[in-house]
Amino acid sequence: MRDKNVLEAKGLNFSYPDGTQALIDINLSIPRGKKTAFLGPNGAGKTTLFLHFNGILKPERGKIYFAGQEVCYHHTALLELRKKVGIVFQEPDTQLFSASVRQEVSFGPLNLGLSREEAEERVNEAMEATDILDLRDRPTHFLSYGQKKRVAIADILAMQPQVLICDEPTAWLDTRHAARIMELFHKINRAGVTIIFSTHDVDLAYSWADYIFIMKDGMVIGEGAPERVFCDDRLLEEAELERPWLLDVYEELKRRGFVAANSPPRTREEFFLSLAGKESCSLAREERKGRSFKRECLQGFLGG
Ligand SMILES: Nc1ncnc2c1ncn2[C@@H]1O[C@H](COP(=O)(O)OP(=O)(O)O)[C@@H](O)[C@H]1O
Ligand SMILES: [Mg+2]
């Protein structure tokens, strides 16, 4: 049976050469096949942790495990790990270096030693999934920020990783482009890829993650399913995080008796559905009242 957790950190500590202690005693397990979000303010240690997940950084103390196996830091083991765990960096310009989009996305697969046809097939699939086929002959450095972001994701997808890590996927994107990226993650995840992303956007984490870790000052200070993490007021206060607006509005409407007290909605659509249910109930009630009123009139008229 495959390991339930795809990545684990045990007793992980890390300091940068200038002495900044960026990670302090991190112990965590990332569930396989899910979308996991790391939430926390700037400087919390999210990027540093992600760089440990595919061996770009080596723990000062503690260990990282991939699929139950301790990560080794010799060259060939790291190459193998990086085929399985791909990172999309926050700044696409740090990642993209080829002249055209097609060259960029082809670079990884061609270096895996695949045949030209196999590599081409992967590249086309990755470009199709990220909706950049029409950009394939464009020079990467003239693309918009959102387009570059999608090319950077295609880059990693073309390697067909088991885990796709994305550092601040929606930073600097407008709402529409951010939603497109998150829809894309949803699609990639449904195809079986574990998704890990970082954000400081509570609404995004609440709507999109199956599981959440909250980080602060190099430590993990809370974890759990979104509806549990965001109902823990003490944790939110400690993490200096707001509650997602959807949860706030829902709680208030529930308090006033406008929505039924079942599980809180995770997305705007689910929220509207819970309201629509309520509305259609009262409409049905009005309609029933209307019908019996008509019947009473009719009976009165007929002298029944
Ligand atoms: N290259 C570096 N050299 C020294 N300190 C760094 C470096 N990168 C990050 N840090 C520090 O490590 C801590 C964690 O940073 P980071 O992992 O980037 O957090 P986050 O991604 O949550 O914003 C911060 O205090 C940051 O200033
Ligand atoms: Mg960061």
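Predicted model: local features only at pLDDT ≥ 70, side-chain atom pairs only at ≥ 80, totals over all residues.
Residues are numbered from 1 along each chain as its sequence is written, chains are lettered from A and ligands numbered from 1 in the order written, and side-chain values use heavy atoms, without hydrogens and water.

Let's start with ligand 1. Which residues surround ligand 1? They are Y16, D18, T20, A22, P41, N42, G43, A44, G45, K46, T47 and T48, where a residue counts if one of its heavy atoms lies within 4 Å. Oxygen atoms of the ligand come up in each of the next distances. There's one 2.7 Å from a polar backbone atom of G43, and one 3.1 Å from a backbone N or O atom of A44. For T48, a polar side-chain atom sits 2.5 Å from a ligand oxygen.

Now the helices. Take α6 (residues 145–157) and α7 (residues 175–190): they pack at about 15°, with axes 11 Å apart. That angle is why we call α6 roughly parallel to α7, a label for angles under 35 degrees. On the α6 side, K149, R150, I153 and L157 meet R180, I181, L184, F185 and I188 of α7, contact being heavy atoms within 4.5 Å.

Over to α4 (residues 101–111): its axis and that of α6 come within 7 Å and cross at roughly 30°. So α4 is roughly parallel to α6 too. Here V101, E104 and V105 of α4 meet V151, A154 and D155 of α6.

Technical notes
Axes fitted to C-alpha atoms, helices over the stretch in contact; angles between N-to-C directions. Helix = DSSP H or I, 4+ residues; strand = E, 2+ residues; numbered from the N terminus. Parallel < 35°, antiparallel > 145°, perpendicular 65-115°, else oblique. Polar contact = N/O pair within 3.5 Å; in protein donor to acceptor, adjacent residues only side chain to side chain.
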